[in-house]
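Please look over the structure below before reading the numbered points.

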Amino acid sequence: MKFRSFLSDHLVTILLYAALFVIILFVLSLFRVHALILWTIALLGCFFGVLILVYEFMRRHHYYHQLFATLDQLDQKYLIHELIPEPTFLDGKLFHQVLYENDKAMNEHIRIYQESIEEFKDFIELWVHEVKLPIAAGQLILHNNPGAMNKKLREQFQRVEDNVEQVLYYARSENSEKDYLIKYCSLDEMVQNVIRKNKDALLYGGIRIEFEPSDAFVYTDSKWLEFIINQIMSNAIKYGAKEEGHIHVWIEEDQKETRLSIGDNGIGIPEGEVPRVFEKSFTGSNGRFIRSSTGMGLYLCKQLCQKLGHGIALTSIENEGTTVTITFYKDDFHQVFEQEREETKDAGNAAGR
């Protein structure tokens, strides 16, 4: 609040106050009051009038300055009422009461909204578990009745299952940390699990996969990380080259981090679209040609990597291929687990000898 704005707001009050003093001085002059007394009254009136204005301005200035400073720091601005004290001036108290009522109504609205969201998530999770039963049954029937056509059907069943899992993981992604089981996991094992899961799609698409095991271990949640790797692998298969398709998976490791990279020789992504690939529902120009694109796979990968504390990046050259790299950062905990793993391995080797 600026003092000029405050004076402008109280202009009528100031003019009435000044007019009252002029009238008082005029009346006193009619009674032939000495000029010195008149000047003294005038000066005292001006002094106390300015003092009252400054006092009222300072009270409001302090309160509103604190109000807006606190508001700028808040992400959930509707909680402002809880963080500021009640003012001492009447119009401020009324404003404070309005904030309280607004805060109360907003919290009630948010509570109702959150309950409806939780109910919807519960329904989605229940639906996913129910729909997995006929999918599993169909896959079992196809497995027990091998044939050329069955391979194609198994691939389609796998795609349906992947999409159903994507729905489940998206529903859980907001509170995914509640389902984490962080432990020391083998990257080789998780990658091999994903490759086996997609073997039918790889065989049907004639895609050659090259994986270089490294005996690398990372500190993560294996279930969620396998989902992330599977999303990247599914994209590599979906957008891979139609002839002589090739997916290369490799692991690099140094003292600070471990990097898992998955690259393909597919259609690639235009340079201008690369910065947006992790945005929600972004499909880009490739999504116009491949109707099954949803723009949710890489978005979920980014969200889950952030919550797991991993980095993820994508590089691509149009008509040449795309590479996605997941980075696992090493910290003090990682060093402790690495040391324990080496000691356990040495102890096992010694026992074997």
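1. Helix 3 and helix 4 cross in a left-handed way (left-handed if the near helix is turned anticlockwise from the far one by less than a right angle, right-handed if clockwise). Helices (H or I, at least four residues) and strands (E, at least two) are DSSP runs, numbered from the N terminus.

2. This is a predicted model: local features need pLDDT of at least 70, side-chain atom pairs count only at pLDDT 80 or more, and totals for chains, interfaces and linings use all residues. Residues are numbered from 1 along each chain as its sequence is written, and side-chain values use heavy atoms, with hydrogens and water left out.

3. Helix 3 brings Arg60, Tyr63 and Leu67 to the contact, and helix 4 brings Asp91, Gly92, Phe95, His96 and Leu99 (contact means heavy atoms within 4.5 Å).

4. The largest pocket has a volume of about 1000 Å³ (the space filled by probe spheres set on the grid points). A pocket is an open set of points on a 1 Å grid where a 1.4 Å probe fits, with protein on both sides within 12 Å along at least five of seven lines; lining residues have an atom within 4 Å of a point.

5. The lining of the largest pocket numbers 46 residues, with Ser234, Asn235, Ala236, Lys238 and Tyr239 nearest its centre. Helix 5 gives the largest share, eight residues.
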